[in-house]
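The points are intended to be read beside the model.

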Amino acid sequence: QVQIAESGGGLVQPGGSLRLSCASPRSISSVFSSSDLGWYRQAPGKERELVAIMTSGGGTTYADSVKGRFTISKDNSRKMLYLGMNNLKPEDTAVYYCTRKEFRGPTYWGQGTRVTVSS
């Protein structure tokens, strides 16, 4: 029973764009809208790191390495989280994970979607 699932990864050339999506099919809409949401990534041989987060109120935080290039957004009615990625660089290559931290509840992680930036 999938709580959260990412999609949209793939192979892209440097300078290209991708949009990752994260679905929460089993979440109740009111619970989703009151959750803090986020994207993390893990590159080969490196620790998992924060990419971007969005609070339930819509506040956002980005890693310095992606500021100005990535945009986190959500659609509460569809229970979807997105990560728009522009001007991709080889160092953005990683498995990207979506998270959902429910208010006074658990944190869910997806299985990840792989992004490879290479010419």
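1. A residue is called buried when its relative accessible area is under 20%, exposed when that area is over 50%, and partly exposed in between (1.4 Å probe, protein chains only). The model is a predicted one, in which local features need pLDDT of at least 70, side-chain atom pairs count only at pLDDT 80 or more, and totals for chains, interfaces and linings use all residues. Residues are numbered from 1 along each chain as its sequence is written, and side-chain values use heavy atoms, with hydrogens and water left out.

2. The whole structure contains six salt bridges, a salt bridge being a side-chain nitrogen of Lys or Arg within 4 Å of a carboxyl oxygen of Asp or Glu.

3. One of these joins arginine 100 to glutamate 102, with an N to O distance of 3.0 Å. Arginine 100 is buried, its relative accessibility being 0%, and glutamate 102 is also buried, at 13%. Elsewhere, salt bridges with shared partners link Arg41, Glu49, Arg69 and Asp92 into one network.

4. Within that network, arginine 41 pairs with glutamate 49, and their closest N and O atoms lie 2.7 Å apart. How accessible is arginine 41? Its relative accessibility is 5%, so arginine 41 counts as buried. Glutamate 49, at 37%, counts as partly exposed.

5. A further salt bridge connects lysine 67 with aspartate 64, where the closest N and O atoms are 3.1 Å apart. Aspartate 64 is exposed, because its relative accessible area is 65%.
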